[in-house]
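User: Could you walk me through a couple of spots in this one? I'd like to start with the way the chain is arranged and then go on to single residues.

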Amino acid sequence: MFNNKTTASGKASVIGLARKFTRSGVAVLALAATSAALAACSPGAQAGDSSTASGASASSKTSASADSLAKIKDAGVLRIGLEGTYKPYSFHDEGGALTGFEVEIAALVAKDLGVKAEYIETKWDSLIAGLDVDRYDIVINDVSPTPERGEKYDFSQPYIRTIGKIGVLEDSTLKTVDDIKGHSSAQTASSNYATDVEALGATIVPTNGFNDSIELVKTGRADATANSLVTFETFLKDNPGSGVRLLDGELPDGGASVILLPKGQDALREAVNASLSTRIDNGDLKNIYLKYVSEDLTPAK
C-alpha cells in the first residue's frame with residue numbers, strides 16, 4: 001500500500017516550471033537565430049560547416065534523450081501519473097491508502113531506477129495530457145499503445161495482457177459482444193474500449209470512468225459498458241447481486257497495456273524496459289497479479 005503525495009502547491013510548482021521552460025525556450029530560440037545570422041555573414045562560414053551543425057544537433061538530441069532520466073535521478077523521485085480510482089489497477093483501500101497492481105509495478109520500476117515513487121492521481125480524460133506539461137514522468141493506467149498515441153508519446157514494452165469484455169444488465173436481451181451493434185455503451189470518450197465498441201456499431205454515452213459507466217448501465221441510461229475482464233471480475237466480486245453480467249465472447253482487439261513516456265526520452269524508456277524485463281523474468285509481476293485477480297496477466301515475451 002502506498003500513500004499519495006500530491007498537493008496543491010506541488011501542482012502550482014509544476015505549472016510554474018512549465019512556464020519557466022517555455023520562456024527560456026523563447027529566449028534560446030531568439031539567441032540561436034541571432035547567432036545563425038552572424039555566422040552566415042562571417043567570412044569563415046562555409047558549406048562544410050553544415051556537417052558540424054548536424055553533429056551538434058545529433059549531440060543535442062542525445063543529451064535531451066538522457067535529460068528526463070537524469071532529472072529523475074537527481075530529484076530522487078519518479079513522478080507517476082495514474083487515476084487512483086481504477087480497481088484493481090490503482091485504487092484506495094478501506095484505510096485510504098493507494099494500492100493496486102499498477103501501483104506496485106510502478107514502485108518496482110522506481111526502485112530499479114534507484115529513486116522513490118510519487119503518485120499523482122488524475123482523471124482519465126486529462127491524465128495523458130499531464131505528460132505534455134511535465135506534471136509527471138510516466139503514466140501507468142492500463143494504456144493501450146495506439147498509433148495515434150505513438151505519434152506523440154513513447155511506449156514501454158507491455159507489462160500486462162488485456163482481455164476486453166462487455167457488461168450488461170442480467171435481463172438484457174444481448175447475448176454476445178457482436179449484439180452491441182445499434183445499442184449504447186457507457187465509456188470514457190478517449191478510451192480504447194470506446195474505440196472497440198464503436199467499431200462494433202455501438203453509440204458512446206460519455207462518462208468519467210468505470211464507476212460512472214456501471215451506474216448508467218444499472219439505471220438504464222446505457223445498454224452496456226466495455227472494460228477489461230480484470231475490472232469486471234473485481235467489480236462482480238465486490239458487488240454480489242449487482243444485476244450485471246458479461247456477454248459471451250471478447251472484444252476483438254484485446255492487446256496489452258504499456259507505460260506511457262514523453263516522446264524521445266530513450267534513456268528513460270530503456271531503463272523502464274530493463275526493469276519490466278527483470279521483473280517479468282523473475283516472476284515478480286506474476287506474483288503481483290495473483291494478489292489481486294485469479295489469473296496471471298504477464299504478457300508473453
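Predicted model: local features only at pLDDT ≥ 70, side-chain atom pairs only at ≥ 80, totals over all residues.

User: In which sense do strand 9 and strand 10 pair, and over how many bridges?

Analyst: They pair in the parallel sense, over four bridges, with strand 10 covering residues 203–206. Within strand 10, Pro-206 is the residue that stands opposite Gln-187.

User: Where is Ala-189 found?

Analyst: Ala-189 is in the loop that runs between strand 9 (184–187) and helix 6 (192–199).

User: Is Ala-189 buried or exposed?

Analyst: Its relative accessibility is 53%, and exposed means over 50%, so Ala-189 counts as exposed. Setting aside neighbours within four places in sequence, Ala-189 is in contact with Asp-125 and Ala-194, and its C-alpha atom is separated by 8.0 Å from that of Val-205, 16 residues apart along the chain.

User: Switching topic, what about Thr-122, buried or exposed?

Analyst: Thr-122 lies in the loop between strand 4 (116–121) and helix 4 (124–127). Its relative accessible area is 8%, and the cut-off for buried is under 20%, so Thr-122 is buried.

User: Which residues does Thr-122 touch?

Analyst: Not counting residues up to four places away in sequence, Thr-122 touches Leu-82, Glu-83, Leu-127, Arg-135 and Tyr-136. With Arg-135 there is also a polar contact of 2.6 Å, which joins the side chains of Thr-122 and Arg-135.

Technical notes: Residues numbered from 1 in each chain as written. Heavy atoms only, no water. Helix = DSSP H or I, 4+ residues; strand = E, 2+ residues; numbered from the N terminus. Buried < 20%, exposed > 50% of the residue type's maximum accessible area, 1.4 Å probe, protein only. Contact = heavy atoms within 4.5 Å. Polar contact = N/O pair within 3.5 Å; in protein donor to acceptor, adjacent residues only side chain to side chain. Pairing = 2+ DSSP bridges.
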